[in-house]
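Hi there,

Here is the structure I promised to pass on.

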Amino acid sequence: MKIQVKVNGVNYTNEVEPRLLLVHYLRDVLRLTGTHIGCDTSSCGACTIHVNEKATKSCTMLAVQADGCEITTIEGLANNEELHPLQESFRECHGLQCGFCTPGMIMTAADLLQQNHDPSEEEIRYALEGNFCRCTGYHNIVKSVQYAAEKMHTAEPIKTEEAVV
Amino acid sequence: MSTHEFIGKSVKRVEDKRFITGYGNYVDDIVLPRQTYASFVRSPYGHAKI
């Protein structure tokens, strides 16, 4: 079947098997290997990407279901050389060790921060419940999300002030 | 000027940049020419004859 998708701002048209999972399409066809496969059963969240701006586990979706969609993967989150505040904060707060779960964690957290600019610790933990990390014990991951929220929060009013002036 | 550049300070990891941008390059991300794959099938029977 023919599908047309926009991934990280680039349009792709490919002929794919109807049974092909979206995560395999991204990894094997487009060679975007930043999206990982941890469990293949939609439990671990390592394959989380954004489909039309919504955090989605790409191993739970067929490539053909993404036809016509806009997709963002971890490779497309940074704005050229400028890292996303979450990417910065994970580094700053030691939110990763082996890094395997990190792309999924960051993509899920990015969706959370889109909807909730100032989440509580409880809300962060609830949002990340579908993402497993076997290294960090989650403490520094939660700290990273709080740090990024704060940074994005404090960055915003400055922009609006500038706009008013 | 301090001679202790790293002592008593939080040091950023050099490997983090590639992990947070999706370029970690784990074993499963590597594709080589004529690459082969292995999978292990373990016996469900203990001390059995093959």
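Below is what I found, starting with a word on the numbering and the model.

Residues count from 1 along each chain as its sequence is written, while chains are lettered from A and ligands numbered from 1 in the order they are written. This is a predicted model, so to speak of local features we need pLDDT of at least 70, side-chain atom pairs count only at pLDDT 80 or more, and totals for chains, interfaces and linings use all residues; side-chain values use heavy atoms, with hydrogens and water left out.

First, the sheet. Chain A has an open sheet of 5 strands in the order β2-β1-β5-β3-β4, with mixed pairing. (Helices, H or I of at least four residues, and strands, E of at least two, are DSSP runs numbered from the N terminus; two strands pair if DSSP finds at least two bridges between them.) In general, strands of a sheet pair through backbone hydrogen bonds, either parallel or antiparallel. The edge strands are β2 (10-15) and β4 (54-57) of chain A, each pairing on one side only. Further in, β3 (48-51) and β5 (70-72) of chain A run antiparallel over 2 bridges, and V51(A) has I71(A) as its bridge partner in β5(A). Helix α3 (102-115) of chain A packs on the sheet and touches β3, β4 and β5 of chain A. (Contact means heavy atoms within 4.5 Å.)

Now G9(A): it sits in the loop between β1 (2-7) and β2 of chain A. Is it buried or exposed? G9(A) counts as exposed, because its relative accessibility is 57%. (Buried means under 20% relative accessible area, exposed over 50%, and partly exposed in between, with a 1.4 Å probe and protein chains only.)

Next, helix α2 (85-92) of chain A, whose buried residues are L86(A), Q87(A), S89(A) and F90(A). They lie on the same side of α2(A), because they cover an arc of only 165 degrees around the axis. (The arc is that of the directions from the helix axis to the C-beta atoms.)

Finally, the cores. The largest nonpolar core has 25 residues, and L86(A), F90(A) and M105(A) are among those with the most contacts inside it. (Such a core is a set of buried Ala, Val, Leu, Ile, Met, Phe, Trp, Tyr and Cys residues joined through side-chain atoms within 4.5 Å.) Helix α3(A) gives the most to this core, with 7 residues. A second, separate core of 17 residues includes V5(A), L22(A), L30(A) and I71(A).

Cheers!

Note on methods: Axes fitted to C-alpha atoms, helices over the stretch in contact; angles between N-to-C directions.
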